[in-house]
Structure formats: structure tokens, C-alpha cells
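Please open the model in your viewer and keep the selection panel at hand.

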Amino acid sequence: MQHTLSPNKLLHSKWTAVSPQNKEKHFMVTSVEFDEENNVVECIIEAVLTKREQSINWRSLKNSKVWKMGWQ
């Protein structure tokens, strides 16, 4: 199953990891950069618990085997 996800709504969206690692379960998108054609060039998510940031391919958030939309 795929989440429907608009790049324009990524910023500050909340996500729950299906298989948390290092007790990092809840994440928020803290930064999204676009190029001249309005394509996402970088998406940064931050773990709520540890404040650790990582760059991810925003399309991976559509994979419901890895991510759930919202904090659950």
C-alpha cells in the first residue's frame, strides 16, 4: 500500500517508523529543499526522541511497510 503524499505538504509532517531503531519511533520532517522545477532535492527528518537528523528520499515515506503517517 502507498500513502498519497504531496511534496508541498512534507514540511512539519509527522511519521511513525514501523520498525523503530534505537528507540526512535516518531519523526518529523524538518526541512525540504526544492529545485527550480519544484522537485524535492533534499528531505530531512528528525527523530523526536533523540533530535537526530537524517536525509531521506521523501518517496520512501510512501512505503507503508516502513512508515505510518502521523504519530501512532
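How many salt bridges does the count come to by this rule, a side-chain nitrogen of Lys or Arg within 4 Å of a carboxyl oxygen of Asp or Glu? The count comes to one. Before selecting the pair, note that this is a predicted model, in which local features need pLDDT of at least 70 and side-chain atom pairs count only at pLDDT 80 or more, while totals for chains, interfaces and linings use all residues. Residues are numbered from 1 along each chain as its sequence is written, and side-chain values use heavy atoms, with hydrogens and water left out.

Select Arg52 and Glu24 first: the two form a salt bridge, and their closest N and O atoms are 2.4 Å apart. The pair links distant parts of the chain, 28 residues apart, with Arg52 in the loop between strand S3 (40-47) and strand S4 (53-56) and Glu24 in strand S2; strands here are DSSP runs of E, at least two residues long, numbered from the N terminus, and helices are runs of H or I of at least four. Glu24 counts as buried because its relative accessibility is 4%, whereas Arg52, at 36%, counts as partly exposed; buried means under 20% relative accessible area, exposed over 50%, and partly exposed in between, with a 1.4 Å probe and protein chains only.

Next, select Ala17, Val18, Ser19, Pro20, Gln21, Glu24, Phe27, Arg52, Gln54, Lys65, Val66 and Trp67, which line the largest pocket. Strand S1 (14-21) and strand S2 (24-34) are the elements that give two or more residues to this lining, and S1 gives the most, with five. The volume of the pocket is about 160 Å³. A pocket is an open set of points on a 1 Å grid over the protein atoms alone, where a 1.4 Å probe fits, with protein on both sides within 12 Å along at least five of seven lines, and lining residues have an atom within 4 Å of a point.

Finally, show the whole chain, whose secondary structure comes to zero helices and five strands. Its C-alpha trace spans about 35 × 30 × 15 Å along the principal axes. Buried residues make up 29% of the 72 residues. Among contacts (heavy atoms within 4.5 Å) with a separation of 6 or more, 44% are accounted for by residues 24 or more positions apart.

Conventions. Points joined across faces, edges and corners; volume = space filled by probe spheres on them.
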